[in-house]
Amino acid sequence: IYIPKENNVRAGWGELNGARKQIRKRNQEIHHLYSKGMRIRELVSRYHLSEDSIRKIIMKVSRKKAVR
């Protein structure tokens, strides 16, 4: 028997297993280290992300902080 869920019940990506919270914390750490003077190359090595990804994270977190 198939019982469909209500539309409102579905959780967003990473909300149930905590992945979303972990990534948000990591991104804030990246932004903090960058703002304290750590170079992008060092962040690439530390977090095993591409230079492009690090730049995007820094820009995204900067924009969110500017809106507050």
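This is a predicted model: local features need pLDDT of at least 70, side-chain atom pairs count only at pLDDT 80 or more; totals for chains, interfaces and linings use all residues.

Reader: What is the handedness of the crossing of helix 1 with helix 2, and how do the residues of the contact divide by class?

Author: Helix 1 passes helix 2 in a right-handed crossing. Helix 1 contributes R26, E29, I30, L33 and Y34 to the contact, while helix 2 contributes I40, L43, R46 and Y47. Divided by class, the residues of this contact are 6 nonpolar, no polar and 3 charged.

Reader: How are helix 1 and helix 3 oriented to each other?

Author: Helix 3 spans residues 51–67, and its axis comes within 9 Å of the axis of helix 1, with a crossing of roughly 90°. Angles of 65 to 115 degrees count as roughly perpendicular. Helix 1 and helix 3 are therefore roughly perpendicular.

Reader: Which residues make the contact between helix 1 and helix 3, and how many fall in each class?

Author: On helix 1 the contact involves R26, N27, I30, H31 and Y34, and on helix 3 it involves I54, I57, I58, V61, S62 and K65. The class counts for helix 1 with helix 3 are 6 nonpolar, 3 polar and 2 charged residues.

Reader: What orientation do helix 2 and helix 3 adopt?

Author: The axes of helix 2 and helix 3 come within 9 Å and cross at roughly 105°. That angle makes the two helices roughly perpendicular.

Reader: Which residues of helix 2 and helix 3 meet, and what is the make-up of the contact by class?

Author: From helix 2, I40, R41, L43 and V44 meet E51, I54, R55 and I58 of helix 3. By class, the contact of helix 2 with helix 3 holds 5 nonpolar, no polar and 3 charged residues.

Reader: Is H31 buried or exposed, and which side chain does the side chain of H31 join in a polar contact?

Author: H31 belongs to helix 1. Its relative accessibility is 12%, and because the limit for buried is under 20%, H31 counts as buried. Beyond residues up to four places away in sequence, H31 touches I58, V61, S62 and K65. The polar contact, at 3.0 Å, joins the side chain of H31 to that of S62.

Reader: Which backbone oxygen does the side chain of R20 reach?

Author: R20 is placed in helix 1 and is partly exposed, with a relative accessible area of 34%. Apart from neighbours within four places in sequence, R20 is in contact with W13, G14 and E15. At 3.1 Å, the side chain of R20 reaches the backbone oxygen of W13.

Reader: Where is H48 found, and what is its phi value?

Author: H48 is found in the loop between helix 2 and helix 3. With 70% relative accessibility, H48 counts as exposed. Its phi is positive, in a residue other than glycine, and is near 55°.

Reader: What distance separates the C-alpha atoms of R63 and K36?

Author: R63 lies in helix 3 and, at 55% relative accessibility, counts as exposed. R63 and K36 are 27 residues apart along the chain, and their C-alpha atoms are separated by 17 Å.

Technical notes: Residues are numbered from 1 along each chain as its sequence is written. Side-chain values use heavy atoms; hydrogens and water are left out. A crossing is left-handed if the near helix is turned anticlockwise from the far one by less than a right angle, and right-handed if clockwise. Helices (H or I, at least four residues) and strands (E, at least two) are DSSP runs, numbered from the N terminus. Contact means heavy atoms within 4.5 Å. Ala, Val, Leu, Ile, Met, Phe, Trp, Tyr, Cys and Pro count as nonpolar, Asp, Glu, Lys and Arg as charged, and the others, Gly among them, as polar. Axes are lines fitted to C-alpha atoms, for helices over the stretch in contact, and angles run from 0 to 180 degrees between N-to-C directions. Angles under 35 degrees count as roughly parallel, over 145 as roughly antiparallel, 65 to 115 as roughly perpendicular and the rest as oblique. Buried means under 20% relative accessible area, exposed over 50%, partly exposed in between (1.4 Å probe, protein chains only). A polar contact is a pair of N or O atoms within 3.5 Å; within protein, one must be able to donate a hydrogen and the other to accept it, and residues adjacent in sequence count only if both atoms are side-chain atoms.
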